[in-house]
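Please walk through this chain with the model open beside you. We start with a sheet, then turn to one residue and a pair of helices.

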Amino acid sequence: MPKIWAWLCALPAAERPALLRGDIAYGNESVLREAEAGNQPYLTKYRLTKNVKRLVTKLFAHPDWEKAGLGWQGREDTLQLSGWSRPRRVIVLRRQIQGDALIAAQDDPQMALAFIESKATAAAYEYAVLVASTDSEILAAAQLTRDRADCENNFDELKNQWGWGGFTTHDLKRCRHMAGMVALVTNWWNLFVRLANPHKHHEAITSRPLLLHGVATKTQHGGQTTLTITSRHAKQAAIQAVLTRLAAFLSSLKSTAEQLTDLERLTLILQFLPQAAGSDSKLLHR
């Protein structure tokens, strides 16, 4: 952390981050105090401690909760915790739990950890608490927090699904080569999957079984070799339609690639996405 603060403080004012966003691990006094000392705006999550739960309980009965997007509601208040050097603005977010939720007994420690209400007469909510130094609206603060989580998911996917979580060698040069190869393959695969289904990002844990797993048979006849791949996936028909269309597009792009500039190739790819979005790729989305 000292190196991070030294780097931030050394940046010219025009190059400083507009907002420092952090998860629960960074919503503590030492981080918040350093950000305030450096006049760095921040927005972090905070743990549901005993005093924070008291605030949530106090706000629960108030009727004027604001919309915070994606089913969340929010209210703001000022809180001075025992370990804090000053009062700070906090935003309490809640979202009603939908569907049949398995609620344990009241004395279950997991219930206390998640802070889920289970009274039969009241709706069950999940909560999140933000600490903010800015005066941004509740909806904007909630969306900025969700965007930060989406960014973090990419790193989680790289580490846990693509093997970027560490290498057995201590040789820096080999580590850099391996990291570069993993990043390159990840980028290629994400571009390919997005062309196959432009509706959403599919993590590797679902996209690889969806588009890669199959049984291949090689046959030779008349001097020609044919490779036939049969998918065993439940969505085999949709996968075949998507990959057939995508293969035709990539073959067409390859045949003219040498005559096109990088911008022209990118334009063709971007023009292909709306066509894919309105075709069989919807079946994969379902």
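**The sheet and its surroundings**

Six strands build an open sheet, in the order S1-S2-S6-S5-S4-S3, with mixed pairing. Strands pair here if DSSP finds at least two bridges between them. Helices (H or I, at least four residues) and strands (E, at least two) are DSSP runs, numbered from the N terminus. Strand S1 (20–22) and strand S3 (66–69) stand at the edges; each has a single partner strand, so one side of each is left without a neighbour in the sheet. From one strand to the next, the twist averages 30 degrees.

S1 pairs with strand S2 (residues 42–46) in the parallel sense, over three bridges. Leu20 stands opposite Tyr42 in S2. Helix H5 (residues 138–161) packs on the sheet. H5 touches S1, S2, S3, strand S4 (72–79), strand S5 (88–96) and strand S6 (125–132). The direction of H5 makes about 20 degrees with that of S3. Axes are lines fitted to C-alpha atoms, for helices over the stretch in contact, and angles run from 0 to 180 degrees between N-to-C directions. Contact means heavy atoms within 4.5 Å.

The model is predicted: local features need pLDDT of at least 70, side-chain atom pairs count only at pLDDT 80 or more, and totals for chains, interfaces and linings use all residues. Residues are numbered from 1 along each chain as its sequence is written, and side-chain values use heavy atoms, leaving out hydrogens and water.

Now take Glu29, in helix H2 (residues 29–37). Is Glu29 buried or exposed? Its relative accessibility is 13%, so Glu29 counts as buried (buried is under 20% relative accessible area, exposed over 50%, partly exposed in between, with a 1.4 Å probe and protein chains only). Leaving aside neighbours within four places in sequence, Glu29 is in contact with Gly83, Trp84, Ser85 and Arg88. With the side chain of Ser85, the Glu29 side chain makes a polar contact at 2.7 Å. A polar contact is a pair of N or O atoms within 3.5 Å; within protein, one must be able to donate a hydrogen and the other to accept it, and residues adjacent in sequence count only if both atoms are side-chain atoms.

Next, the helix pair. Helix H6 (residues 172–196) packs with helix H7 (residues 204–211) at an angle of about 65 degrees, their axes 11 Å apart. That makes H6 roughly perpendicular to H7 (under 35 degrees is roughly parallel, over 145 roughly antiparallel, 65 to 115 roughly perpendicular and the rest oblique). Trp189, Phe192, Val193 and Ala196 in H6 meet Ser207, Arg208 and Leu211 in H7.
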